[in-house]
Amino acid sequence: MSLLNEILSFNQSFVEEKQYEPYITTKYPNKRVVVLSCMDTRLVELLPKAMNLRNGDVKIVKSAGAIVNHPFGGIMRSLLVAVYELQADEVYIIGHYDCGMSAVDPDVMIGHMLERGIKQETIDTVNYSAGDLRDWLRGFGDIATSVLKSVELVRQHPLMPKGVPVHGLIIDPGTGRLDVVSDGNQHL
């Protein structure tokens with residue numbers, strides 16, 4: 001049985017047995033917060049537990065490295081939608097120690113693309129039309145610096161209303177300890 005079939009089989013039972021009922025909530029976050037975190041598998045359950053968050057408490061946006069890499073990209077749009085349309089009053093950008101993005105080597109990743117059938121011509125076209133592909137794929141060296149860079153991009157965004165605290169934190173993926181890099185309340 002494929003993983004998709006396993007998921008669909010489980011889902012059928014989940015719905016038939018009404019196991020969804022404990023998770024019923026509205027589209028508005030109870031704690032009026034939007035969190036941008038990394039997509040790291042260690043954070044799926046740990047991050048909400050470490051922050052005392054339950055289903056329905058916050059909006060969660062995920063990206064590799066918890067990075068906002070473009071002021072008018074999908075991550076920034078999601079944060080703005082959360083603030084303007086879904087009643088989020090605070091933004092938390094939460095990176096983590098031992099992040100895989102800190103070790104991403106764009107040349108190695110492009111090599112993996114080529115190995116999996118992406119043509120060099122396609123890579124050249126993307127590089128030419130979208131800007132420096134290697135720069136776009138590059139990871140970061142220091143997590144605190146990376147979190148602060150994203151915090152500042154969001155905080156200074158021309159469409160982010162003044163008065164919305166934008167916090168920067170780093171979570172330890174082993175223990176759940178949160179370290180504050182930037183308290184957004186001090187910048188209001």
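**Stop one: the pocket**

Select α6 (133–137) and α7 (143–155): each of these helices supplies at least two residues of the lining of the largest pocket. A pocket here is an open set of points on a 1 Å grid over the protein atoms alone, where a 1.4 Å probe fits, with protein on both sides within 12 Å along at least five of seven lines; lining residues have an atom within 4 Å of a point. Helices (H or I, at least four residues) and strands (E, at least two) are DSSP runs, numbered from the N terminus.

Before you click further, know that this is a predicted model, in which local features need pLDDT of at least 70 and side-chain atom pairs count only at pLDDT 80 or more, while totals for chains, interfaces and linings use all residues. Residues are numbered from 1 along each chain as its sequence is written, and side-chain values use heavy atoms, with hydrogens and water left out.

Now pick I67, N69, D135, W136 and R138, which lie nearest the pocket's centre among its 21 lining residues. The largest share of that lining, four residues, comes from α7. The volume of this pocket is about 680 Å³, counted as the space filled by probe spheres set on grid points joined across faces, edges and corners.

**Stop two: a surface patch**

Next, select V15, Y20 and I24, which make a nonpolar surface patch of about 270 Å². Patch members have over 30% relative accessible area and no salt bridge, and nonpolar side chains (Val, Leu, Ile, Met, Phe, Trp, Tyr) are joined within 5 Å. A salt bridge means a side-chain nitrogen of Lys or Arg within 4 Å of a carboxyl oxygen of Asp or Glu. Areas come from the Shrake-Rupley method with a 1.4 Å probe.

Zoom in on V15, in helix α1 (residues 3–16). Why is V15 partly exposed? Its relative accessibility is 43%, and buried means under 20% relative accessible area, exposed over 50%, partly exposed in between (1.4 Å probe, protein chains only).

**Stop three: two distances**

Go to M113 in helix α4 (residues 106–115). M113 is partly exposed because its relative accessibility is 24%.

Then find Y97, in the loop between β3 (90–96) and α4. The C-alpha atoms of Y97 and V108 are separated by 22 Å.

**Last stop: zoom out**

Show everything, and you have seven helices and five strands.

Definitions and conventions. Patches are made of residues with over 30% relative accessible area and no salt bridge: like charges are joined within 9 Å, nonpolar side chains (Val, Leu, Ile, Met, Phe, Trp, Tyr) within 5 Å.
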